[in-house]
Amino acid sequence: MLLRLHDVTKRYPGADADVLRGISLTMQAGDRLALTGESGSGKSTLLHIIGGLDGADSGVVAVAGTDLTPLDDAGRAALRRGTVGVIFQQFNLIPSLSVAANIGFQARLCGRHDPGLDHDLAQRLGLAAHLRKYPEQLSGGQQQRVAIARTLAARPRLVLADEPTGNLDEGTADAVLALLCDLTAETGAGLVLVTHSDRLAARMGRRLHLRGGRLT
């Protein structure tokens, strides 16, 4: 079992209702899951809880057999370094590092840096000509591809992608999603994709919709 959530709830201070109400789901290694829902439905919140970026108020969250509940901030950060890779909407690239250094950054932190894999990812994501540039010299779409490469270079067991193609045109989005699916399949990693696109969600193995704090 790669991921198990049981009866997970979450309410933010001052809110009138829980943003997540009794969320339960499971994933096996290699599964591909699309998570859809209206803006503000809690998709990013759920993704952040799975990735240890936020804590649930109650329930069980376990990733690769590790229960996140008792972990402190350091323990959750270690989980993200070695087990879970997160592709953020905001990219979170390091502005002082080149594209090449950004791609290899996460892999170096977890002791899995492979220059050959970095090169392959850069080639397949159309970044080979930009490796010496810095994030500010790239378009939004190029920065998003660097963020994807950085996550995959660390070879995580579970990839959490929050609208990873949101800054790309339709054709490029299709190509990048196909590559993301191919690369996670090659390593046997699970993939959770948050998306507003029915077209992209349909390409995943399973789809769950978040409405009123519950999955359908």
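**Close-up views of a predicted model**

**View 1. Lining of the largest pocket.** The largest pocket is lined by Leu53, Ala77, Arg80, Arg81, Val84, Gly85, Val86, Phe88, Asn92, Gln106, Arg150 and Thr151. Two or more of these residues come from each of α2 (73–82), β6 (84–87) and α5 (140–153). Helices (H or I, at least four residues) and strands (E, at least two) are DSSP runs numbered from the N terminus. The model is predicted, so local features need pLDDT of at least 70 and side-chain atom pairs count only at pLDDT 80 or more, while totals for chains, interfaces and linings use all residues. Residues are numbered from 1 along each chain as its sequence is written, and side-chain values use heavy atoms, with hydrogens and water left out. A pocket is an open set of points, on a 1 Å grid over the protein atoms alone, where a 1.4 Å probe fits and protein lies on both sides within 12 Å along at least five of seven lines; lining residues have an atom within 4 Å of a point. The space in the largest pocket is about 270 Å³, a volume being the space filled by probe spheres set on the points, which are joined across faces, edges and corners. The lining comprises five nonpolar, four polar and three charged residues (nonpolar: Ala, Val, Leu, Ile, Met, Phe, Trp, Tyr, Cys and Pro; charged: Asp, Glu, Lys and Arg; polar: the others, Gly among them).

**View 2. The open sheet.** Six strands form an open sheet of mixed pairing in the order β6-β7-β8-β3-β9-β10. Because β6 and β10 (214–215) stand at the edges with a single partner strand each, one side of each has no neighbour in the sheet. Two strands pair if DSSP finds at least two bridges between them. Strand β3 (residues 32–37) runs parallel to strand β9 (residues 206–211), and five bridges join them. Leucine 33 has arginine 206 in β9 as its bridge partner.

**View 3. Pairing around β4.** Five bridges link strand β1 (residues 3–10) to strand β4 (residues 58–63) in the antiparallel sense. Alanine 62 in β4 stands opposite arginine 4, and its bridge partner in β5 is aspartate 67. The antiparallel pairing of β4 with strand β5 (residues 66–67) has two bridges. These two strands form a hairpin with two residues between them, and alanine 64 in the turn has a positive phi of about 50°.

**View 4. Packing of α4 and α5.** Helix α4 (residues 115–124) packs against α5 at an angle of about 150°, with the axes 10 Å apart. Axes are lines fitted to C-alpha atoms over the stretch in contact, and angles run from 0 to 180 degrees between N-to-C directions. The two helices are therefore roughly antiparallel (angles over 145 degrees).

Conventions: Parallel < 35°, antiparallel > 145°, perpendicular 65-115°, else oblique.
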